[in-house]
Structure formats: C-alpha cells, structure tokens
Amino acid sequence: MSAVPVLSVDNLSVEFRTRGGIVKALERVSFTVNKGEMVAIVGESGSGKSVTAFTVMGILDAAGRVSHGTATFGGLDVLQAPEAVMRDIRGREMSMIFQNPRVALNPIRRVGDQIADVLLQHGNVTRREAPQRAIEMLARVRIPDPERRARAYPFELSGGMCQRIMIAIALSCAPKMLIADEPTTGLDVTTQAAIMDLIAELGAEQGMATLLITHDLGMAAEYCDQIVVMHAGHIVEAAPTADLFAHPRHPYTAKLIAATPKPSVRLRDLVAIPGNLPDLRAAEIASCRYSARCERRQPRCDQALPHVLGEQRNSMVACWNPL
Amino acid sequence: MLSLIGKRIVSAIPSVIGVLVVTFVLTRALPGDPAAYFAGPAATPQAIEEVRRSLGLDKTLPEQFVVYIKDLATGNLGNSIATGQPVLTEIRTRLPASLELTLYGLLVSVLIAVPLGVLAATRPGSWIDHLCRVVTTAGVSLPAFFTGLLLVYVLYYRLGWAPAPLGRLDIFYSAPTTVTGFYTIDALIEGNLEIFRAALAQLLLPVTALAVFTLAPLARMTRAAMLEVLGSDFIRTARASGLPKGKIVYGYAFRNAMLPVVTTLGMVFSFLLGANVLVEKVFSWPGIGTFAIEALVASDYAPIQGFVLTMALLYVMLNLAIDVLYIVIDPRVGFES
C-alpha cells in the first residue's frame, strides 16, 4: 500500500499566554497520518496530545498561538487558512470526537437534530431529508431503534450511546480524517471496546485516516498502525506499533510500556514512572524535557535539543542515549 | 410536558392557601386597633365596642378567618376608610396601572440587557464588554426612585422634553375605555393614536427609571451564563463540527444560557414590584403601591390586607410562570420524578 499522507504536521510549536508566563505547550512536533491508517498519539496528561489535535482542527482557544510550523491537510496549510475555510473543512473533511460524550452534546437539543444540524451545515442534504439521514447515521453507528433514539435528549442516553451519537455527528459527512480525543474516557470497559471497534470498522469502510489520542498504550497497540509518543510537548519517539513494542528506543517509551497493564504482569509489579512533567514556563527548554526523570541521563542531555534519528519510514527517536 | 405543567399548576394551590393564612395573620398582627380608627377619634369606648362587633373583630381568630375566607369567596375584600370604595374595585383599577409600569420596565430592561450581555460575552474585553460593566455597576448603585427623580429634574424640569410626572395620562386627555386596563393597549384597541402617544409619554420616565435599575442584574447574569455555556464541552463539539458562529451562539449557547437568565428575570420582577412603590410615589402614579402606602399611613387595614394578598398572589403566579417556562426550555426538568 502506497502511503498517501492525509495530514502532515511539520515542526509545529504552540505556546499559551498565561498569567504565569508563556507556556511552550508544543515544540517542533512532526508526524504524518496516511489514508486509511490509524495513528495514536500517546502520552500522559499535559503532554500536549489534545493541544496538537485542537491546533490541527483550528479550535485552539484564544490564549494559544501557533509560533512555528505547518499542518498540511489535503494540500492546505490549515494553520494559515482563514476561519471561513476552516469552518467548511471542520465536520465535513476533518471531524473530531471528544472524551466525556455525555457533556460533549448539547443537553437541550434532540440528538437527531444535532446530527441534522451538521448535515444541513455542510450542504449535502435538504431540510426535509436531514432528519431521515440523521436516523440512517444512528443506524450506522449501531444504535438500536434509531427512529425513537433520534428524538431522545443526551441525558436520556448512556455514555456509550452518547459517544455513538458523537461518532454519528463526526462521520455524517464522510470526512477524510477523524480525530478521536480520548474517545473512551469515562466509559466502562466493554463499552470502550465496542466504541473503538466501531471507530476502526467505520474508518476502514470509508478509507478514513484516524488520529487517536489516548493515554492508554494498550488500546493504541490494539488498534493503531503507528504510535507517536509525546512527553511535555515533544515527540520523543514514533514508530510502527510492532516495532515500538518490540524495541522501544526512548527510555520514556520503555517505561510507558513497562507501566502498561498486561495479562502476564501482576498489577503490583507494574512500574510507575518517577517524577512529573517539567514546568513548561521555563524560558528555554531546548534540551530533552525528560532528562530530569531519566535513568539513562548523560551530561550532554542538558545541551541542545536531543538528536533526532530517523531509522526508517515513520520512525524516529529524540534521545542522546537511546536504548 | 403538558402533564408536567398541569402538575406544577396544581402544586401552586398549597402556596395560595399559605398566602391566605399569612395575609390574615399578618394584618391582625399589625399595631393599632382598627375598631378605634373606624369609630373615629371622638368615639366613646361603647361606640368602639359597637364598631368592633359590627366589624366582627370581637370573634376569635379562627372564626374571623372563616368569615374572611367566606368574604374572599364572594369577592369582598372590605372597604377602604379613606376612599369609602370597596377594596376590590380599588385594586381592580390600580393594579393594571402598576402592572403596565412594571411590565414595560421589565420589557425595556430585557430588550437591552440580554443583547448587551450576549455581545459582552461573545466579545470579552471589547468596548461592548466594558460598556456592559459600566452599565451594570451604575445600575446597581442607582435606586429606581433616585433615577426617577433625576430624570424628572433633567428631562421635565430643566429641559421640558418629558410631560409632567403626574400620573398615567395628561389631564387634557380622558382615559380610553377599559379593556385590559393598560392605557397603551386600550388606546390601540380604540384606535386612538393620540391617547396612545400621550400614555406612552407618561410611561417613558418611570419605565426608564425601572429599566435602569433592573438592567444590571439581568445583563450581568446573561453575560456570566453565556460565558459559562460558551466554555462548555458541547460548544467545542459544535465548533469542531463546523457550525457557523451565529448558530453556535444563538442556537446552541443562548438557549442553554436562558435558564439562569429566566431565574434572574423572576427575581428582578419581584424587586420591581417592591421598587414600584417608591417610583409610583415620585411619578404620582395611581398604582397599587401608592394606594398601599396611603392605607398603611392611615392604618386602613382592609386595603393593606388586599394589597398584601394581591402581591402574594402575583408572586405565586410569577413563580408558576417561571417554572412553566423552565419546563418549556429545558427537557431535563421533571425528569427525575
């Protein structure tokens, strides 16, 4: 399969103005997502996963600013595109689903109408067809009794059901790419699997690219072709899933894998990663942001940005002393 | 939804009974002996006793309560000593005057405050946000009667643009035939534009005074509610779905922000009923507030009782209306029952 990049993010840096100073939330982030491929961005809370997604969608809040880099989607640099163009792309070519689906839907609007709103906005249906199309979408995301459910409000549905509605909204216009921002957070385990299966299946049907944002390495391993590991706004390692698990090269990745529950390892034998994310307000953190927590730290880790080694296609590690 | 509204209306009945009991007890607890006032200053103790018996005040409280309820059932609220008129007639002519004032005040206030709050919330830090802050601060610190006096001084006394603050209609005009009791509406029904204009001119200053007073809480609540809703997750979803800004702000955010605004509206309306008493005084408005003050000064207990009862029933109805509005706006209301 020849790789056709749907999204390619290149050297993206994003900073936030806060009362405490400028926070460099993302620094020189690069990755690509190919057609039909599912890529995971993995990292702990605050590592910049969601900021990356929001930046690409153009829905970063006002305090955030792209200070460097490009994000090319379908030949267009979405970071430079005017708001009107982006509004047309969002929901039609590039969609997003969020965590906590029960609060991510308008609480006082019927879910069928919320799907219809998006269908109407992106111009492929008439006002008369929209409700019927919304019901069809509900059926596609395997909601039983879609005619009746279309008339329900979010508070009348379970979390898993609400996430299905979110997926129906996101996929209603058959986008080229779906960004799923921790789509299973707040759902119970069996529902998590059902939701992920649904995303994978519908994605495959449409040849859609999917960017999965998660802190669950196990889930990323199960569904994704490629894994990008983020730490404190840097990409520390990226590799095809099998390679990453077979030979993690960045110490952080190795620790993450060791900290992921597996059937063969008992819970108390899981190793926590010591330390916390560094304070990103520091004027220049040009060096490795993991070094303070790292066991393989060397004197040169404090110097400049860690060297980036490109082993093969879609594979890199940002470390002076990789495994 | 209809059964929910029906249930809510039925649940207002205990409030009404409570209101009846409280009004009764409250007026009995007022200082002063009504029999002595009725009999007049020169009356002998025997004459006062005579009056007491004729008023039924010699009976026990429970007996008096039964009589009171019976009278109410037949629409008899007693007579005012000051005017000699039945209290019901007085209230029937004066209540529309007060309501017309209050409702116009509220309407003007809502028409300004809600858009102001929405614009301030969607453009934080802009000039309109600052304007909103200035207006709310000024509005809170100016009591309605003071604004009223100021308006009269500047617009009537100094500039002569507004008509004299002497009631609902200039003395050269006669009141339109009563249909609703609202002069502006009755004049329109009659098709008499001149009277309509005259009634509106009289309303202008007191309505402005009331609106300035109520603008503040409404605008502030609208702004805060909009800001909160605009920061919520489902608005982010709407943005990520590429919905246009207008649809997001007015279709999605505004309806959700309406809930706290409606609550505030109810509170503001009850403030207004209170503020009215003084504003009516400033503008010689022949409303129910003026009537109550005069009755209170004269220890005229039947009108006071009638006034308190009317106000209390208004509050009950107001709360009812607000709850019904809630049911209409928010599908979640009543779900837990």
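Predicted model: local features only at pLDDT ≥ 70, side-chain atom pairs only at ≥ 80, totals over all residues.

Residues are numbered from 1 along each chain as its sequence is written, while chains are lettered from A and ligands numbered from 1 in the order in which they are written.

Chain B has 14 helices and 0 strands; here helices (H or I, at least four residues) and strands (E, at least two) are DSSP runs, numbered from the N terminus. Its C-alpha trace spans about 85 × 60 × 40 Å along the principal axes. Of its 337 residues, 36% are buried, meaning that 20 or more other C-beta atoms, placed from the backbone, lie within 10 Å of the residue's own. Take the contacts of chain B (C-beta atoms, placed from the backbone, within 7 Å) between residues at least 6 apart in sequence: 71% of them join residues at least 24 apart.

Now to chain A, where domain 1 comprises 32–59 + 80–93 + 177–317 and domain 2 comprises 103–174, with bounds from an automatic or database domain assignment. Taken over C-alpha atoms, the centres of domain 1 and domain 2 of chain A lie 29 Å apart. Where they meet, domain 1 of chain A contributes 13 residues and domain 2 of chain A contributes 13 residues. On the domain 1 side, the largest share, 7 residues, belongs to helix α8 (residues 189–206) of chain A.

Conventions: Buried ≥ 20, exposed ≤ 12 C-beta atoms within 10 Å, placed from the backbone. Contact = placed C-beta atoms within 7 Å.
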